[in-house]
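Hi,

Here is the structure I said I'd pass on. Have a look at it, and then read my notes below.

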Amino acid sequence: MCGIFGFDKWTPYTERILGYGAMLIEQRGRQSWGLTNGRYLYKRPERIVGNFKVPKKIYTDKDRGVVVHTRAASVGEVSYENTHPFLVISKDQSRYVIGVHNGGISNYEKLGKESGFEHDVDSPHLFRWIADGRNTREVTGWGAIVWWEGPTQKNEKGELQYCWSEGKQYLARFNSENLAVAKLKTGEIVYGSTQDIVETAILAAGAKLSHFYKVEGDMKYFIDDGVLREAGRMPFGGRAASAAQVAVTNGHTRYNYAGYQTGQSRQHESVDHWIKRYEERHQREQVPTENWKPMTSMGDPGGWSRLVS
């Protein structure tokens, strides 16, 4: 079980909502966190509470949506490389996917063998499957995904590039209810793993909720000019047994994740506590260069940026 929270564009409301949402999804994963706007990504193998920040490169890209992810490791150790979001290139190097996943893929090893792709974490195998344009009915698992995808090309030096300006922000859920998408009365779209998390973040930020969209399973959506639109069916295989099993009882979460001892429990901090801590520590900082994944340069005005996979 991991956490997802994001929005479609930067405004004074979504800026504040994002901070609250990021703190709230820590209850769904406290081992690492990351964020992306489909052009740049940033990730940290640490808990998000007390460490959340939006890098300047992402914050100043005002017209692009952002998604934050918190990880509860089910497959693979806790490390920078295993932290969401993931950048994955298709086998023929013609397309890219940058995405986050809340859930589990139970047949990821089979997918890896068939696609010729290796990664310690299950989620990147799903994104490789999508990048290759393969049938998601062959994917067994559950969860919600948010991703950007688009074409790649090679420049005159033979370096692989990706067209971030053509990449759309997509959302989907499969064999799970873990995706809630809301529209504010001011027009912005905000989404998260659960309706409770989204509502709490909106309320805490002083924004006003207009309505929640009806999000169907096995349907691919994209955000277009403040509207959630259907992009067609995206059917998956069965749920099967997930690598991560969690039981929630009386405010306690029982973890069976890598990095936690089986049966270890903890009491979640209250929402008020998260909000107070966020308000005390909220700040935007430009992150040192060494903290960035070497993924892109600024590229030319046409929107192509160098890609280092």
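**Notes on the model**

Leaving aside neighbours within four places in sequence, K43 is in contact with W33, G34, Y80, E81, T83, H84, P85 and F86 (contact means heavy atoms within 4.5 Å). Before I go on, a word on the ground rules: this is a predicted model, where local features need pLDDT of at least 70 and side-chain atom pairs count only at pLDDT 80 or more, while totals for chains, interfaces and linings use all residues. Residues are numbered from 1 along each chain as its sequence is written, and side-chain values use heavy atoms, with hydrogens and water left out.

Back to K43, which sits in strand β3 (residues 41-44). Helices (H or I, at least four residues) and strands (E, at least two) are DSSP runs, numbered from the N terminus. Is K43 buried or exposed? K43 is buried, because its relative accessible area is 5%, and buried means under 20% (1.4 Å probe, protein chains only). Its side chain reaches the backbone oxygen of T83 at 2.9 Å, and a polar atom of that side chain lies 3.1 Å from the backbone oxygen of P85. F86 is 43 residues away from K43 along the chain, yet their C-alpha atoms are separated by 9.6 Å.

Next, helix α4 (residues 123-131): 9 of its 9 residues are buried, so the helix is largely enclosed by the rest of the structure. What covers them includes β5 (86-89), β6 (95-105), α3 (108-115), β7 (141-154) and β9 (168-174). Just after α4, G133 takes a positive phi of about 70°.

Then there are the nonpolar cores (sets of buried Ala, Val, Leu, Ile, Met, Phe, Trp, Tyr and Cys residues joined through side-chain atoms within 4.5 Å). The largest has 32 residues, of which F5, I17, L18 and F52 touch the most other members. The largest share of this core, 6 residues, comes from α1. Apart from it lies another core, of 23 residues, among them I105, L126, V139 and I145.

Last, strand β13 (residues 219-224) has 5 of its 6 residues buried, so it too is largely enclosed by the rest of the structure. β13 pairs with β9 in the antiparallel sense over 2 bridges (two strands pair if DSSP finds at least two bridges between them), and F222 in β13 is the bridge partner of Y170. β13 also pairs with β14 (residues 227-233), in the antiparallel sense over 6 bridges. These two form a hairpin with 2 residues between them, and D225 in the turn has a positive phi of about 50°.

Cheers

Terms used. Buried means under 20% relative accessible area, exposed over 50%, partly exposed in between (1.4 Å probe, protein chains only). A polar contact is a pair of N or O atoms within 3.5 Å; within protein, one must be able to donate a hydrogen and the other to accept it, and residues adjacent in sequence count only if both atoms are side-chain atoms.
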